[in-house]
Amino acid sequence: MQKSIERIAGDSEGVSYEFPVFRFTGSDKAASSAYLQAALHAGELPGVVAIDALMPALNKAAAEGRIKGDITIVPWANPIGRAQYHFGEHQGRFHLGTRTNFNRAFPLLAAPDAKLLPDTAFGGADQRLKSRLVQLSLGHDIVLDLHCDDEGLAYLYIHTSLWPAMADCAAAMGVDAVVLWSEDTDGTFEGASIMPYQNVPADVAKFDRRVATTVEYRGILDVDGALAKADADGLYRLLVARGVIADSTLSAPGPFKGVVAPLENIDMMPAPRAGAVLYDVKPGDRVVRGDRLATIVHAPGETDGRAEVFAPQDGIILTRRSRRIIRAGEDLLKLVGDRKSADARSGTLED
């Protein structure tokens, strides 16, 4: 294993940002290669501790000569967001200088060629970071972007062109659900990982072996040793299943038995009033149309001081907010419906 340090120039003299990159060199050039990164939203740490728990298994495989394909790992992908604190509260989702989400505005290339990356010499530090992350990931057959939600099940975002070919990956990782998407107009990292292969020859696209996904590892507070070990085991099983690592002790993953739904089936359930949220449901609950999902206490103590929110259709609760204060119009939860949502959204679900 080799460790290097990437440096991103800041937006003023004397300021720069650093993040480590770990590389394992595979023994078989024909084997699939893998790129893993975590904490692009710098406060989302379940993926960071999962990588930490994965590294001993990778080092052992390397010592035993079982790493077949190249592996690149970026455990802290966002040093800019990691350094952002405002009045003692960490702010790792948006760049404070531009107010841009760190998982938006990635360059969507027409082909997997680093020469097509935009010149960021006169851009901001966040643009330089995004360009470098895309460059580091280009050329890998497997690209995993490890995130988490507020409170939720473990689930994957997968482009429709990769499903059901990626069902073995979902099964290996042990996630609960898969959300399928087809359009990225906002420039997410996952979009930047799959779009370069959409209009190139089949021998370049290699969709039979391509993996690109945003991994949502439950909730932001699920930073736990046992969960990290379980997630690391899932990552390891995926790498074995796709031939990046050789391990005869593991059998092929079985069929994926979780929920699979198109992004258009998700109801986000905006809050009708501002106030305190009383949830009636938790992630994983099955609901039917008309079930009460939450109550918003907007005028405490008053007769008409509560607003109730009901399920618009049958489905599964995928996520909910981790904080219990909400503004009018903010999303309460993600309900994966059995059919298309009445206010179906294309592209990314939230900022």
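Buried here means under 20% relative accessible area, exposed means over 50%, and partly exposed lies in between. The model is predicted.

**Stop 1: Arg292 and Asp280**

Select Arg292. At 36% relative accessibility, Arg292 is partly exposed. Asp280 sits in the loop between strand 14 (275-279) and strand 15 (286-287), while Arg292 belongs to strand 16 (residues 292-297). The partners are 12 residues apart, and the pair links distant parts of the chain.

Now select Lys60, Glu64, Arg66 and Asp247. Salt bridges that share partners join these four residues into one network.

**Stop 2**

Switch to a cartoon view.

Zoom in on strand 1 and strand 2 (residues 16-24). They run antiparallel and are joined by eight bridges. Select Ala9 and look across to strand 2: Ser16 stands opposite.

**Stop 2: Arg7 and Glu18**

Arg7 forms a salt bridge with Glu18, and their closest N and O atoms are 2.9 Å apart. Arg7 lies in strand 1 and Glu18 in strand 2, so the pair ties together parts 11 residues apart in sequence. Glu18 is partly exposed at 45%.

**Stop 3: Lys206 and Asp141**

Select Lys206 with Asp141. This salt bridge brings the closest N and O atoms to 3.2 Å. Lys206 is in the loop between helix 6 (202-205) and strand 11 (211-219), and Asp141 in the loop between helix 3 (125-137) and strand 7 (142-149), so the pair ties together parts 65 residues apart in sequence. Lys206 is partly exposed, with a relative accessible area of 26%. Asp141 is buried at 3%. Across the model, the count comes to 22 salt bridges.

**Stop 4: the rings**

Show the aromatic side chains. How many aromatic pairs does the whole structure hold? The search finds four. One of them joins Tyr35 and Phe189: it is tilted, 6.2 Å centre to centre, with 35° between the planes. Tyr35 lies in strand 3 (residues 34-38) and Phe189 in helix 5 (residues 189-194), so the pair ties together parts 154 residues apart in sequence. Both Tyr35 and Phe189 are buried.

Move to Trp163 and Phe256. Their pair is edge-to-face, at 6.1 Å centre to centre and 85° between the planes. Trp163 is in the loop between strand 9 (155-159) and helix 4 (167-173), and Phe256 is in the loop between helix 7 (225-241) and strand 12, 93 residues apart. Trp163 and Phe256 are both buried.

**Last stop: charges over rings**

Then select Lys130: its charged end sits over the ring of Phe106, 5.8 Å from the centre. Finish at Trp76, where Arg82 lies over the face at 3.7 Å from the ring centre.

Definitions and conventions:
Residues numbered from 1 in each chain as written. Predicted model: local features only at pLDDT ≥ 70, side-chain atom pairs only at ≥ 80, totals over all residues. Heavy atoms only, no water. Pairing = 2+ DSSP bridges. Helix = DSSP H or I, 4+ residues; strand = E, 2+ residues; numbered from the N terminus. Salt bridge = Lys/Arg side-chain N within 4 Å of Asp/Glu carboxyl O. Buried < 20%, exposed > 50% of the residue type's maximum accessible area, 1.4 Å probe, protein only. Phe/Tyr/Trp six-rings, centres within 6.5 Å; stacked < 30°, edge-to-face > 60°. Lys NZ or Arg CZ within 6 Å of the ring centre and 35° of its normal.
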